[in-house]
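Please keep the sequence and the 3D view open while reading.

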Amino acid sequence: MSIKVMGVAAGRKNSNSEILLKEALIACEEAGAEVTMINLRDYNILDCTGCTSCTIGMSQGKNVGCVLDEKDDKKKIMDVLLNQDAVIYSVPTYDLMPTAEYLAFAQRSLSYETAFLETIGAIEHRDRVAGLISVGGSTRAWQSMALEGLQATMFTTDMKVVDMLLATQVPGPAQCLLHDDLIRRAHKLGENIMKAAMTPVEKRKWIGDEDMGWCPNCHSNALVLGEKQWDGLHYPIECQVCGAGGNLEKQKTENGNLSFRKMVC
Ligand SMILES: Cc1cc2nc3c(=O)[nH]c(=O)nc-3n(C[C@H](O)[C@H](O)[C@H](O)COP(=O)(O)O)c2cc1C
């Protein structure tokens with residue numbers, strides 16, 4: 001049975017996030033995957049109302065779904081998405097973070113909270129990998145929460161992120177086509193997704209750029225000063241995405257000054 005990979009874009013039609021996603025999906029198809037792609041702009045996704053009836057149901061051992069299931073397209077998409085081996089998300093950066101359109105889609109996933117649904121026996125465990133692409137008009141400084149924002153939405157549906165691409169300085173429609181390096185990197189992301197999907201689950205690990213990000217666990221670039229947690233645990237530094245705790249390692253630069261290197265957990 002072939003590996004199933006779905007691409008989810010959230011930007012302008014035929015523009016940067018769609019193009020980079022298609023390039024990644026081409027690599028998946030070349031490696032034998034059955035691929036599907038959607039752009040959230042073609043669907044009607046309502047905002048989570050915050051009623052929490054889904055999680056109240058789960059706490060009573062029932063999978064009651066979402067009160068909006070019949071009112072928009074979220075369930076139709078999730079019925080396909082959760083049947084994949086891998087998902088690649090490609091989302092523009094608006095105001096330093098993923099677009100509201102994507103976030104509305106992701107925040108409707110509470111009724112699909114994998115860990116809860118598995119615990120109550122409503123669904124069977126399935127291992128999936130994910131690749132993330134953030135596309136912005138500016139440099140990383142103006143996309144500071146873009147990939148991190150996408151990463152933060154992966155926990156609910158238990159997606160293991162194995163590669164990420166931050167596509168910078170492509171403000172114009174389809175402008176990424178002028179950057180061969182970006183197209184090549186998107187292709188590589190597709191190859192990496194397939195490599196991960198074909199690797200036994202227990203051996204799957206990060207295969208993106210080795211030195212990406214500060215966090216040695218999830219490769220985010222977002223660290224915060226740690227504070228005492230519920231159970232009293234306290235780390236000097238925490239990753240604000242995955243919560244890994246540790247400290248910063250001091251090192252001497254070539255001119256003898258002190259600087260900080262990676263977080264060590
Ligand atoms: C409302 C709005 C806010 C934006 N904010 C940012 C931003 O904070 N950082 C950035 O790098 N690009 C920003 N951009 C630029 C888009 O990320 C860029 O045009 C991107 O290529 C859009 O992707 P698409 O071509 O797939 O639609 C913004 C664009 C709009 C329309």
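A polar backbone atom of Val 170 is 2.7 Å from an oxygen atom of the ligand. The protein buries 77% of the 640 Å² that the ligand exposes when taken alone. Accessible areas come from the Shrake-Rupley method with a 1.4 Å probe, and for residues only the protein chains shown count as cover.

Asp 95 has a polar backbone atom 3.0 Å from a nitrogen atom of the ligand. An oxygen atom of the ligand lies 3.3 Å from a backbone N or O atom of Val 135.

## About the model

The model is predicted: local features need pLDDT of at least 70, side-chain atom pairs count only at pLDDT 80 or more, and totals for chains, interfaces and linings use all residues. Residues are numbered from 1 along each chain as its sequence is written, and side-chain values use heavy atoms, with hydrogens and water left out.

## The shell around the ligand

Helices (H or I, at least four residues) and strands (E, at least two) are DSSP runs, numbered from the N terminus.

## Helix α1

Which length is expected for α1 at 1.5 Å a residue? The figure is 21 Å for its 15 residues, and the helix reaches 21 Å from its first C-alpha to its last. The expected span of a helix is 1.5 Å times one less than its number of residues.

Buried means under 20% relative accessible area, exposed over 50%, and partly exposed in between (1.4 Å probe, protein chains only). The buried residues of α1 include Asn 16, Ser 17, Glu 18, Ile 19 and Leu 20. Just after α1, Gly 32 takes a positive phi of about 100 degrees.

## Helix α7

Helix α7 covers residues 180-197, and its 18 residues should span 26 Å at 1.5 Å a residue; the end C-alpha atoms are 26 Å apart, which agrees. Among the buried residues of α7 are Leu 182, Ile 183, Arg 185, His 187 and Met 194. The cover over the buried residues of α7 includes β1 (4-9), α1, β3, β5 (128-135) and β6 (159-167).

## Loop residues

Arg 12 sits in the loop between β1 and α1. Arg 12 counts as partly exposed because its relative accessibility is 35%. Leaving aside neighbours within four places in sequence, Arg 12 is in contact with Glu 18, Asn 39, Arg 41, Pro 171, Gly 172 and Pro 173.

Thr 99 lies in the loop between β4 (97-98) and α4. Is Thr 99 buried or exposed? Thr 99 is buried, because its relative accessible area is 2%. Not counting residues up to four places away in sequence, Thr 99 touches Ala 10, Val 91, Pro 92 and Tyr 94. Ser 111, in the loop between α4 (100-107) and α5 (114-119), is also buried, with a relative accessible area of 5%.

## Positive phi outside glycine

Asp 95, in the loop between β3 and β4, has a positive phi near 50 degrees although the residue is not glycine. At 68% relative accessibility, Asp 95 counts as exposed.

Thr 52 also has a positive phi, near 60 degrees, in a residue other than glycine. Its place is in the loop between β2 (34-39) and α2 (53-59). With 35% relative accessibility, Thr 52 counts as partly exposed.

Technical notes. A polar contact is a pair of N or O atoms within 3.5 Å; within protein, one must be able to donate a hydrogen and the other to accept it, and residues adjacent in sequence count only if both atoms are side-chain atoms. Contact means heavy atoms within 4.5 Å.
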